[in-house]
Amino acid sequence: MTLTFDDNLIYGTLVYKRVGQAIKVIGSLENGQVLLYEFDPKAEVTGVFFGTKKGNEITGTWSKPSINKEQIFTLKKTSEIKTQTDPVSVTGTYAYNFGKEGGAGMLSVSQTGRERIVVEMQAYRGAPSYNQATIEKTTLKLAGNQAIYENNEFGKCKLKLLFFEGGAAIIYQDEAFECGFGNGATVTGNYLKTDNKPTKFEKQD
């Protein structure tokens, strides 16, 4: 497994010896707790790593969302390279899904200027409620690889969008959770980039 740590964000690739192909992994590090999702090319989450980071080691359990299966895992750091985050192409479609009965989300992004992007977000939480979370097409300022969405229509709502090579993450900011989403639904999460084409929104600003 090769991982990049960028503040609380973690992303990289995983290769199972029996498969031999690189699998995208995206997740987070919060208060020593590591949560990583592995994705297939269609953005379905095929495995979840949940563990604790202590020093140069991460230990915990791996589970598969589609079946009741868990295994213990240990990750040990073997080498480290200091890197600088370079600007990435943010235009495209990003998605995740947890299978037929699980939740799913999609993020559409079109960069329309050096510091300007148009985005649309939608997600649902899965069975049994399938409650939805939607943010309709809106224009945001892009600063490096980040953008902030704010809306006070339903209360304080603030989201940070973080873009990186092959994916994106949407995170609540400043405990501003009042975004008008359905009960238990949210657009926050880790998204795999599935397409580099600009989104054809119904109306452009």
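Author: Strands β5 (residues 45-54) and β6 (residues 57-64) run antiparallel and are joined by 7 bridges. Strands here are DSSP runs of E with at least two residues, numbered from the N terminus, and two of them pair if DSSP finds at least two bridges between them. Within this pairing, Thr52 is placed opposite Thr59 of β6.

The model is predicted, so local features need pLDDT of at least 70 and side-chain atom pairs count only at pLDDT 80 or more, while totals for chains, interfaces and linings use all residues. Residues are numbered from 1 along each chain as its sequence is written, and side-chain values use heavy atoms, with hydrogens and water left out.

β5 and β6 belong to an open sheet of 7 strands, ordered β1-β2-β3-β4-β5-β6-β7, with antiparallel pairing. At its edges lie β1 (2-6) and β7 (69-76), each of which pairs on one side only. From one strand to the next, the twist averages 20 degrees; such angles run from 0 to 180 degrees between the N-to-C directions of axes fitted to C-alpha atoms.

Elsewhere, a disulfide (a pair of cysteine sulfur atoms within 2.5 Å) joins Cys157 to Cys179, with an S to S distance of 2.0 Å. Cys157 lies in strand β13 (residues 157-164) and Cys179 in the loop between β14 (167-177) and β15 (189-195), so that distant parts of the chain, 22 residues apart, are linked. The disulfide is right-handed because the torsion about its S-S bond is about 90 degrees. Cys157 counts as buried because its relative accessibility is 3%, and Cys179 is buried at 9%; buried means under 20% relative accessible area, exposed over 50%, and partly exposed in between, with a 1.4 Å probe and protein chains only.

Conventions
Helices (H or I, at least four residues) and strands (E, at least two) are DSSP runs, numbered from the N terminus.
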